[in-house]
Amino acid sequence: MTVEGACAATSRIATNLAYIRGRIADAAQAAGRSADTVRLIAVSKVQPAERVAAALAAGHRLFGENRVQEAERRWPPFLADHPDIRLHLIGPLQTNKVKAAVRLFDVIETVDRARLARALAAEMDKTGKRPDLYIQVNTGAEPQKAGVMPDEADALIRLCRAELGLPIVGLMGIPPQDDNPALHFALLADIAARHGLPELSMGMSGDYETAVRYGATSVRVGTAIFGNRQKPTT
Ligand SMILES: *Cc1c(COP(=O)(O)O)cnc(C)c1O
């Protein structure tokens, strides 16, 4: 990339961040909430390091990654320069990656089964490091998608909290591609409310304002900040 190209990309990402923060603030105000009740997670998966550096230069510190291994390669140098970076894991977690995930992430948003919950509890007991956890709910009950089924969410939440003593703070969801996302945001908010869980991670580039209206406390935005990802990801 040329120097001018790099500068243009940096200022474009700063502009996008400011623009999205403004729209989040407007959506929050329209819903009778203050703007600072919604966090913007910049989803940096698969994006080139220069774009991450641009977001950091713009003062952004909260990021989401969906693969443990990719995050382990990418973040240590950035963390050395900016110890106040906070990382959320937003992609599926295999039990053999639990140790690395607990080590690296501040928040793990994708707890969706008992076996994973037990592995996390064991690792937290061993290391004393206790990242906040979210339960991922498959609100559309899509067979190919991660997340606990809605009718099994209550049992998993109770297991995690009562039996395993895990620091469950909220719920995460990804609505089906072709559905009205509002229905899924409302369902997620409903489940969280009946368990007294304060955090709701929902809303992406295309629907984060709707998510804020339905109570999101974190929105996960990738392409609207960084531009298109250069290879497909799931
Ligand atoms: C990739 C991803 C996002 C961001 O998606 P965009 O449409 O690029 O904003 C949000 N949440 C999860 C779980 C993702 O995997």
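# Terms and values in a predicted model

Trainee: Why is glutamate 142 called buried?
Mentor: Glutamate 142 has a relative accessible area of 15%, and buried means under 20%, exposed over 50% and partly exposed in between, with a 1.4 Å probe and protein chains only, so glutamate 142 counts as buried. This is a predicted model, in which local features need pLDDT of at least 70 and side-chain atom pairs count only at pLDDT 80 or more, while totals for chains, interfaces and linings use all residues. Residues are numbered from 1 along each chain as its sequence is written, and side-chain values use heavy atoms, with hydrogens and water left out.

Trainee: What makes lysine 145 and glutamate 142 a salt bridge?
Mentor: Their side chains meet at 2.8 Å, N to O, and a salt bridge asks for a side-chain nitrogen of Lys or Arg within 4 Å of a carboxyl oxygen of Asp or Glu, so the pair qualifies. Lysine 145, at 22% relative accessibility, counts as partly exposed. The structure holds 11 salt bridges.

Trainee: Which parts of the chain does the salt bridge between glutamate 209 and arginine 23 link?
Mentor: The side chains of these two residues meet at 2.4 Å, N to O. The pair links distant parts of the chain, with glutamate 209 in helix H8 (residues 208-213) and arginine 23 in helix H1, 186 residues apart. Glutamate 209 has a relative accessible area of 24% and is partly exposed, and arginine 23, at 27%, is also classed as partly exposed.

Trainee: Why are the buried residues of H6 said to line one face of the helix?
Mentor: In H6, Ala153, Leu156, Ile157, Leu159 and Cys160 are buried. Seen down the axis of H6, these residues fall within an arc of 160°, taken from the directions from the helix axis to the C-beta atoms, so they line one face. The face turned away from that buried side carries the exposed residues Asp151, Arg158, Ala162 and Glu163.

Trainee: How do you know whether serine 201 is buried or exposed?
Mentor: Serine 201, whose place is in strand E7 (residues 199-201), has a relative accessible area of 0%, so serine 201 is buried. Leaving out residues up to four places away in sequence, serine 201 touches Glu109, Tyr134, Leu171, Met172, Gly173, Leu188, Ser218 and Arg220.

Trainee: Which residues touch the most other members of the largest nonpolar core?
Mentor: Of its 62 residues, these are Phe63, Ile108, Ile135, Leu171 and Val219. A nonpolar core is a set of buried Ala, Val, Leu, Ile, Met, Phe, Trp, Tyr and Cys residues joined through side-chain atoms within 4.5 Å. The largest share of this core, 6 residues, comes from helix H1 (residues 3-30).

Methods. Helices (H or I, at least four residues) and strands (E, at least two) are DSSP runs, numbered from the N terminus. Contact means heavy atoms within 4.5 Å.
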